[in-house]
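Subject: Structure handover

Hello,

Here is the structure I promised to pass on. Please open it first, then read my notes below.

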Protein chains: 4
Amino acid sequence: MIKVGIIGATGYAGAELVRLLLAHEEAEIVWYGSKSYIDQNYADIYRNMFRLVPDLCKGDDLNALAEEADVIFTATPQGYLLSVLTKELLSKAKFIDLSADYRIKDVAVYEKWYGIHHETPELLQEAVYGLCELRREEIKKTRLCANPGCFTTCSILTAYPLVKEGLIDPDTLIIDAKSGTSGAGRGAKQQNLFCEVNENIKAYGVATHRHTPEIEEQLSEAAGKKLALNFTPHLVPMNRGILATEYATLRKKADGTLPTREEIEAVYKRYYGNEPFIRLLKAGEMPETKWVEGSNYVDINFVIDERTGRIIMMGALDNLVKGAAGQAVQNMNLMFDLPEDMGLRLVPVFP
Amino acid sequence: MIKVGIIGATGYAGAELVRLLLAHEEAEIVWYGSKSYIDQNYADIYRNMFRLVPDLCKGDDLNALAEEADVIFTATPQGYLLSVLTKELLSKAKFIDLSADYRIKDVAVYEKWYGIHHETPELLQEAVYGLCELRREEIKKTRLCANPGCFTTCSILTAYPLVKEGLIDPDTLIIDAKSGTSGAGRGAKQQNLFCEVNENIKAYGVATHRHTPEIEEQLSEAAGKKLALNFTPHLVPMNRGILATEYATLRKKADGTLPTREEIEAVYKRYYGNEPFIRLLKAGEMPETKWVEGSNYVDINFVIDERTGRIIMMGALDNLVKGAAGQAVQNMNLMFDLPEDMGLRLVPVFP
Amino acid sequence: MIKVGIIGATGYAGAELVRLLLAHEEAEIVWYGSKSYIDQNYADIYRNMFRLVPDLCKGDDLNALAEEADVIFTATPQGYLLSVLTKELLSKAKFIDLSADYRIKDVAVYEKWYGIHHETPELLQEAVYGLCELRREEIKKTRLCANPGCFTTCSILTAYPLVKEGLIDPDTLIIDAKSGTSGAGRGAKQQNLFCEVNENIKAYGVATHRHTPEIEEQLSEAAGKKLALNFTPHLVPMNRGILATEYATLRKKADGTLPTREEIEAVYKRYYGNEPFIRLLKAGEMPETKWVEGSNYVDINFVIDERTGRIIMMGALDNLVKGAAGQAVQNMNLMFDLPEDMGLRLVPVFP
Amino acid sequence: MIKVGIIGATGYAGAELVRLLLAHEEAEIVWYGSKSYIDQNYADIYRNMFRLVPDLCKGDDLNALAEEADVIFTATPQGYLLSVLTKELLSKAKFIDLSADYRIKDVAVYEKWYGIHHETPELLQEAVYGLCELRREEIKKTRLCANPGCFTTCSILTAYPLVKEGLIDPDTLIIDAKSGTSGAGRGAKQQNLFCEVNENIKAYGVATHRHTPEIEEQLSEAAGKKLALNFTPHLVPMNRGILATEYATLRKKADGTLPTREEIEAVYKRYYGNEPFIRLLKAGEMPETKWVEGSNYVDINFVIDERTGRIIMMGALDNLVKGAAGQAVQNMNLMFDLPEDMGLRLVPVFP
């Protein structure tokens, strides 16, 4: 059994980690870390866990935890892990960080977008960006996994094969994303009250959202050149789910025509055909967040618009599963040489 | 492996059966029966099942199915099974009926409330009412299990111990129940459109809802006398969940005082303390449907009102799991001598 | 033009007052009072008011305000007005208090349920409980109107004629109420976050909710004897609306039979037939909150259950309109001798 | 008083017309036309209208209606009005058509996107596209007003000044739109059931939605050249509201720099500064559908992304008001020489 510690177990992503790990055959949670609820019953904070989790919440003593745990998940605010992580801790336990602290290789970019001084840039270089479908082999070998953000997982996976294969002009890429409200966390903020979110939709962080550089860095690497894109998140009155609608201009073929649906499909299949958690939908079926809710799936599809020469790519996932805790477990499985889908064979819940 | 057939696999309850059985170690679905979608891909009807269910929908040829399957779940409209079930079919496969056809022992009562002539009253007598917590031993031995309704499961379990022990006056029992909209089914009806249900709450079937006699029959048996109660369901703008708020006058003790919280709690614990799917909450914690969503749990608690001498009992469950498919699987486990919680160790999904 | 001041203009009820008063032909808001947002643009706090309200928020200097305003609405927390109101203030401006401070005549009861020492009990005696349908003439003459709570307005109006006429046994009255989330206010509390309320229903304040004594005092007066009842509120995932489902045992007539629907209906019509804001629905139509949303209507109906001898009464209203701001405006109209429905001829918004 | 007839009064847009016209000082509804509910009480179909509308539903006898009414609103399916409208009818009553039948001047384009043969193309030429902010003077003079669609009103108004002034490259325009579910109508369709829409978001009509050519025709006229754009609608789990997020590449100024926020703002102000129903938000405030709900406002704002050289424009409106019935009333006001905002001074409802 892998001994697991969670720092930030009382946020929504942390609680989803608990949900998934409770059902994981090879994992055992030994530490429910929480800043706000130390010494309280975990099941009093998340009453769905009543009779399932008898443990009290503990604090964030990483040194003590690293002695006990084989792997530590940090579902913590930006700036936490980068200020406390050390090589010594890493020598004792593997880390899977759900914050952005080790996601962006370019320290200057991180510091600019997050407004946080990065105290451990040397560790950044050994961190592996934990998007399993793109970096499976590296993840298997790392001890510091930077688990991608919810918007970024969806945005990158949806466009990646076409960027990588040069089928779209990467400078035309526009990502219009829609998220359920659990992505905003469990903190008591007026803007996230039921009555403020319900019956409402809005964009936020327009041209400034911090997932932008993360998406850009990954897709730039795929494109083989630096790209800048537009990423606009929207808040949707639902608990879970992210839908990314992505627009890009298709590159014409040598004969001046656009690639066909079949050609594009073949590329997606080449990249994702064997992926356990990516479902390429049939022509005409648009991804819907409800169809993946509660599961680790990403549903992807696209439409070619002959009139404008653009492709509209769409991806849907559950922000707390494939967009956070599920992906973190998938990374843990890779890092501990377990079947990649262990604990993640979750059938989407409908309705 | 138990071979399972489902008639009515494309309703919400049928689809939930599919979700649960796909994750059941000892069950294998061999027949996805559907009236409306014969020969269509099941996963085209429920796209959460894409890549999980490759099967086509079949019809409702029970004779053919009974040859293939060890157990047949019928998640069908009232009046279906009672018109086609025979002893011969029952000799070939076990039946778990999610409709009301075999739930009410008193044929006259069934016929009055449902307005349907019961064609197979002789089978009714061998049917066992499948509320596992009350009739575990009988269920193990039956070949025809009448799976209780969603409202009834919640309503009965919440009040049962107190009725049985004579702690409340059964003639004062009033059940005010609230249900998510999946209980209304997937049929295209104007009244169930998003815009009609959203931002709205209403009572329906007031004094006439057909779950009333089912609750009455079970609780009358517990009370040892015939009782009539009020049951009022309400439609709540959410997908899943049933909350029953139940009111009754407490019987005073010999010394003229009301029973204490501890005394009532002790009774609940005696009945449910070892039940795998009933969680008796701590004093002061009210059941909430969200805390059991996606799981087979019923959360139960109560408050004594010294001022009025009444007790307010509350129970919450997921109408598609413990209120339908989960309970049906629990019954199947009992009927096939499997661990009762097999395939049902579901952690509630939050948020 | 009546000059209006609002203390607590930035809560949900205060904002609804603003919405209604902006459209009122004879009222002009001269003071947007707010504790948290002094000197900020009101329209920055409630952006629906952009270009409609150019004013800044002011504080709660009642002395200054009483010089300026003809009427002062206080949509403030319990305990505010009772600690600052004086006869001098009342001599300068009329007060309509949306808190509970002057609703309950029995100081001891107020202090027990609210845990607040009542500092101005002498003013309590001159306060009039502002349920227009019951106390129209008194309201016209008062200068201190205690505007009823949302749950109480709905609960009382639904049962009042039958209690008053002795048609039901008042000791059997049970009120199961359901409320939208705006009733919980705009304060940033975890329990009111979108993800905590959405897809969820729960009871709260069971046997202890502070609207109980208010309902009891009014209905006791109607019954001509002290009664105790059960009142159980539930939180529903919707913005607005209250539905009260009320149960009581019908008193039999001299001949031992239950009153008929026609007889009960006649009583309701006698009390409410000419009321501008009470709609008595036709037999078979259940009140739904959506049908009154945004308006000052209360929809009322009932069902007689011959089997149990009980009547189930139901009332629906918009908690922010008839349950708060609309009723307050209705009271203002009465107090200033304006047509009672001025500014309140609001057509319910659907969907 | 203007005598008004409504054909299609029992759809959501028709019902919203009723809501608005009931409060309109100069209009009186004389005909509630409905295909499905002839001879039924209108208030039985829309119970919010109980006691407000005593009328029965009538059919669609346009000849009889044209004798009675001064203006006829047709809130009917595509293809209805174009098949029945005649010059004679137009000589008797003015028409405001909420369908697409007379919106697109290019008959071939209409027929291609709608798959309907246009039987009265000669009338098309006298029809005026009823986007009041763009064609106020023409609307005043017409007797056939083609009321714009909900998506199109939002999409066009949001981008129009920048297209017209050549500030953006019109060939780069991408419109990602989000709509509440009332836009899908009141027809009983499985895909619009509560449980299918709730907790879900999806794109639909990708690259094929019929509002596309309408937007293109209007913006092409503004651009002075034919443009093709991408328009992608999404279904959001809320009743009302449309948010359009629009992306375009800014044209650089002669000095090679991008226009500044102030420069763009000045253009918007020049076009819309005096518009009664367009609110240009302050920098940093994003349009939210909730802030305009129930009102005739469009809230508009934009963000310049220096990194990509694009502008992100956003517009929000209530699809049933400014996106349908409100705009239709605004058109009626213009056509009958009434104050443009008569009956439309609606304060947005929040929450």
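Let me begin with contacts inside one chain. Take the contacts in chain A between residues at least 6 apart in sequence: 70% of them join residues at least 24 apart. Please keep in mind that this is a predicted model.

**Chain A as a whole**

Chain A has 351 residues, and 60% of them count as buried. Its secondary structure comprises 13 helices and 13 strands. The radius of gyration of chain A is 20 Å, close to the 20 Å that the globule rule gives for 351 residues, so chain A is as compact as a globular protein of that length. Along the principal axes, the C-alpha trace of chain A spans about 65 × 45 × 40 Å.

**The core**

The largest nonpolar core has 459 residues. Which residues have the most contacts inside it? They are A:Ile6, B:Ile6, C:Ile6 and D:Ile6. For a closer look, pick D:Ile6. Leaving out residues up to four places away in sequence, D:Ile6 touches D:Gly14, D:Leu17, D:Val18, D:Ile29, D:Trp31, D:Tyr32, D:Gly33, D:Phe73 and D:Ala75. As a background point, nonpolar side chains tend to be buried together in soluble globular proteins.

**Chains A and D**

Now the pairs of chains. A rotation of 180 degrees, with 0.0 Å of shift along its axis, superposes chain A on chain D at an RMSD of 0.0 Å. In chain A, the C-alpha nearest that axis belongs to A:Pro237, 3.3 Å from it.

The contact takes 40 residues from chain A and 40 residues from chain D. On the chain A side, the elements that give two or more residues include strand S7 (174-179), helix H10 (194-197) and strand S10 (242-249). Strand S12 (298-305) and strand S13 (310-317) of chain A are also among them. By class, the chain A side has 20 nonpolar, 9 polar and 11 charged residues. Of the interface residues of chain A, 100% are also interface residues in chain D, so the copies meet through the same surface.

**Chains B and C**

Chain B can be laid on chain C by a turn of 180 degrees and a shift of 0.0 Å along the axis, with an RMSD of 0.0 Å. The two copies are thus related as by a two-fold rotation axis. B:Pro237 has the C-alpha nearest the axis in chain B, 3.3 Å from it.

Here the contact takes 40 residues from chain B and 40 residues from chain C. Strand S8 (202-203) and strand S9 (230-235) of chain B are among the elements that give two or more residues to the side touching chain C. That side of chain B divides into 20 nonpolar, 9 polar and 11 charged residues. Why can one say that these copies meet through the same surface? Because 100% of the interface residues of chain B are also interface residues in chain C.

Best wishes

Note on methods:
Residues are numbered from 1 along each chain as its sequence is written. Chains are lettered from A and ligands numbered from 1 in the order in which they are written. This is a predicted model: local features need pLDDT of at least 70, side-chain atom pairs count only at pLDDT 80 or more; totals for chains, interfaces and linings use all residues. Copies are superposed by least squares on the C-alpha atoms of residues with pLDDT of at least 70 in both. Two residues are in contact if their C-beta atoms, placed from the backbone, lie within 7 Å. Helices (H or I, at least four residues) and strands (E, at least two) are DSSP runs, numbered from the N terminus. Ala, Val, Leu, Ile, Met, Phe, Trp, Tyr, Cys and Pro count as nonpolar, Asp, Glu, Lys and Arg as charged, and the others, Gly among them, as polar. A nonpolar core is a set of buried Ala, Val, Leu, Ile, Met, Phe, Trp, Tyr and Cys residues joined through C-beta atoms within 7 Å. A residue is buried if 20 or more other C-beta atoms lie within 10 Å of its own, exposed if 12 or fewer, and partly exposed in between; C-beta atoms are placed from the backbone. The radius of gyration is taken over C-alpha atoms; the globule rule is 2.2 Å times the number of residues to the power 0.38.
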